[in-house]
Amino acid sequence: MLQRLKDLLMSATGEAGGSGGGPGEDWPTDVAVAALLLESANADDHVHTLEHAMIAQALKKQFGLDAAGVEDLIARAEQARREAIDLHGFTKVVLRERDE
């Protein structure tokens, strides 16, 4: 029983077996990048119009998206931000992609 409790706690912190598969590590790279950009822009508790436009332009260029694709990505990233407990999962996805 103690082992099951330990496994549960370890999985919740992203330290369970194998690759450390914690919450958020399954996000696509584009969602992780967008979520981190949005989180940075939201540091003052508000994403300003200019910040949103700059993020949209960067995502469009980086991922080759049209306007609708960018807005869809931003919506998915906002949802991911709401579901995430912290930013580690997003950062890990981006770093893993960079290293590959």
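Trainee: Is Trp 27 buried, exposed or partly exposed?
Mentor: This is a predicted model, in which local features need pLDDT of at least 70, side-chain atom pairs count only at pLDDT 80 or more, and totals for chains, interfaces and linings use all residues. Residues are numbered from 1 along each chain as its sequence is written, and side-chain values use heavy atoms, with hydrogens and water left out. Buried means under 20% relative accessible area, exposed over 50% and partly exposed in between, with a 1.4 Å probe and protein chains only. The relative accessible area of Trp 27 is 23%, so Trp 27 is partly exposed.

Trainee: How many aromatic pairs does a search of the whole structure find, and which residues form a pair?
Mentor: Rings of Phe, Tyr and Trp (its six-membered ring) pair if their centres lie within 6.5 Å; planes under 30 degrees apart count as stacked, over 60 as edge-to-face and the rest as tilted. The search of the whole structure finds 1 aromatic pair. With 6.1 Å centre to centre and 35° between the planes, this tilted pair is formed by Trp 27 and Phe 90.

Trainee: Where do the two residues of this pair lie, and how many residues apart are they?
Mentor: Helices here are DSSP runs (H or I, at least four residues), numbered from the N terminus. Trp 27 is in the loop between helix H1 (2-12) and helix H2 (29-41), while Phe 90 is in helix H5 (residues 88-99). Phe 90 is buried, with a relative accessible area of 2%. The pair links distant parts of the chain, its residues being 63 residues apart.

Trainee: What separation do the C-alpha atoms of Gly 89 and Trp 27 have?
Mentor: Gly 89 has its place in helix H5, and Gly 89 is buried, with a relative accessible area of 7%. Although Gly 89 and Trp 27 are 62 residues apart along the chain, their C-alpha atoms are separated by 8.1 Å.
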